[in-house]
Amino acid sequence: MQQSELIPERYRDVAQHIAEAVRKMDRVIIAAHANPDGDALGAVAAVGYMLRALGKEAFIYVTPRVPLNLSFIPLPGPIVTTLVHFPFEPRCAIFLDCSESHRLGPELSNLMSALESVNIDHHLGSEGMGSMANWVEPQGAATTQLVAYIALALGLSLKEDLATAVALGLVTDTGGFRYSNTSQEVLHLTAHLVANGCNLAALRAQLDNSWSLSRMRLWGELMCRAEMRRNNTVAFCPIFLSDLRSTGAHKEDLEGFVEQLRQLHGVKVAAVLREDAPGCCKFSLRSSGTVDVCAAATLLGGGGHRNASGGTVRMTMEDAEANLLSAIEQELANEGL
Ligand code: 5GP
Ligand code: MN
């Protein structure tokens with residue numbers, strides 16, 4: 001089979017179009033949303049390896065830093081965490097997995113109008129963010145899935161560190177191939193990565209078996225605190241700055257916690273509210289089936305996908321909790337639940 005046959009037919013033209021735009025780029029900043037998750041970090045890494053294979057000058061910008069739980073992933077340097085100084089003067093940018101420009105962080109969102117850019121994302125909302133080309137594909141399970149198709153359109157092989165980076169995004173954004181976005185196309189692409197030597201079990205073990213005792217203690221406290229609301233259909237847990245301080249855990253140690261709440265029997269929506277600073281809270285919502293938590297998040301200025309969404313609100317924890325639960329109630333009522 002030709003490698004390019006791995007690209008689903010309906011994506012071939014757009015993958016080729018983005019590949020041609022990428023060929024024209026040089027001196028590139030590669031960036032995803034701040035506080036990157038597995039898909040965002042996988043996508044910047046995969047694009048870094050892709051540009052390296054094309055002989056382009058590029059650097060990766062990660063803000064505020066590479067999360068500790070993902071620090072085992074090989075990254076193609078240079079990696080910078082601030083844009084106060086550049087490894088070289090950038091001319092272009094590739095934005096990844098970032099539905100809103102402000103989520104790139106203030107340093108890059110202030111600079112982006114000066115850069116020729118390509119935007120690749122699987123969230124709706126960023127359709128015009130790239131000045132040269134955009135591929136916004138909400139049917140894509142992960143941004144790394146789209147990046148893989150672009151690499152194939154460029155004639156590159158998906159192996160070694162590039163394959164691992166793609167797999168990281170696929171594994172994390174499909175919840176380990178459990179969510180409804182685990183399409184035949186995702187499995188087909190993953191099978192190709194495995195055939196090329198990608199070790200999924202090793203990747204899984206590195207993702208899973210890396211807990212600090214602080215993280216375990218934090219989750220223990222939060223599980224005791226979780227509450228059922230609205231007739232046991234909503235699971236809710238507030239997380240305060242003092243929880244991180246008292247356990248010695250970090251923000252990224254909360255990654256995956258909201259999914260635990262969704263496991264409670266009868267729960268339609270799981271919600272966590274995290275105090276990031278006094279008067280500034282981040283919320284994360286998860287649902288199963290048809291309940292659209294993206295609609296609820298949008299009411300509060302956030303966004304995401306039908307079953308996984310989030311956002312930030314400038315309110316006290318108390319006000320944020322009231323607003324969040326009322327947005328969830330509204331969505332559940334819309335669904336007749
Ligand atoms: P998480 O709850 O894991 O931070 O985010 C879940 C999903 O919600 C992300 O994949 C992203 O699609 C979306 N999301 C999270 N925070 C924001 C935000 O501030 N704005 C928007 N538009 N989407 C967000
Ligand atoms: Mn993603």
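Tutor: Gladly! Let us start with helix α12 (residues 317–334), which lies across β7, β8, β9, β10 and β12 and runs at about 155 degrees to β9. Helices (H or I, at least four residues) and strands (E, at least two) are DSSP runs, numbered from the N terminus. Axes are lines fitted to C-alpha atoms, for helices over the stretch in contact, and angles run from 0 to 180 degrees between N-to-C directions; contact means heavy atoms within 4.5 Å.

Student: Before we go on, what should I know about the model and its numbering?

Tutor: This is a predicted model, where local features need pLDDT of at least 70, side-chain atom pairs count only at pLDDT 80 or more, and totals for chains, interfaces and linings use all residues. Residues are numbered from 1 along each chain as its sequence is written, chains are lettered from A and ligands numbered from 1 in the order in which they are written, and side-chain values use heavy atoms, with hydrogens and water left out.

Student: How do I read a sheet, and what is the strand order in the one with mixed pairing?

Tutor: Strands of a sheet pair through backbone hydrogen bonds, either parallel or antiparallel. Two strands count as paired if DSSP finds at least two bridges between them. The mixed sheet is open, with six strands in the order β7-β8-β9-β10-β12-β11. Its edge strands, β7 (227–229) and β11, each pair on one side only. Inside it, β8 (residues 234–239) and β9 (residues 269–277) run parallel and are joined by six bridges; V234 stands opposite V269 in β9. Helix α8 (residues 213–225) also packs on this sheet, where it touches β7 and β8 and makes about 130 degrees with the direction of β8.

Student: Which strands form the edges of the open sheet with parallel pairing?

Tutor: That sheet has six strands in the order β3-β2-β1-β4-β5-β6. The edges are β3 (79–80) and β6 (133–136), each pairing on one side only. Five bridges join the parallel strands β4 (residues 92–96) and β5 (residues 116–121), and A93 stands opposite S117 in β5. Helix α1 (residues 12–23) packs on the sheet, touching β4, β5 and β6, at about 140 degrees to the direction of β6. Helix α4 (residues 143–153) touches β4, β5 and β6 too, and its direction makes about 120 degrees with that of β5.

Student: Where is the cis peptide bond with omega of about 0 degrees?

Tutor: That bond joins T63 and P64, and P64 lies in the loop between β2 (58–61) and β3. The bond from G77 to P78 is cis as well, with omega near -10 degrees; P78 lies in the loop between β2 and β3.

Student: How many residues surround ligand 1?

Tutor: A residue is near a molecule if one of its heavy atoms lies within 4 Å of it. Here 15 residues surround ligand 1, and the closest are H123, K282, S284, R286 and G310. The largest share of the shell, four residues, comes from β12.

Student: Which side chains make polar contacts with ligand 1?

Tutor: A polar contact with a ligand is a pair of N or O atoms within 3.5 Å. A polar side-chain atom of S284 lies 2.6 Å from an oxygen atom of ligand 1. For R286, a side-chain N or O atom is 2.8 Å from a ligand oxygen. A polar side-chain atom of R103 lies 3.5 Å from a nitrogen atom of ligand 1.

Notes: A polar contact is a pair of N or O atoms within 3.5 Å; within protein, one must be able to donate a hydrogen and the other to accept it, and residues adjacent in sequence count only if both atoms are side-chain atoms.
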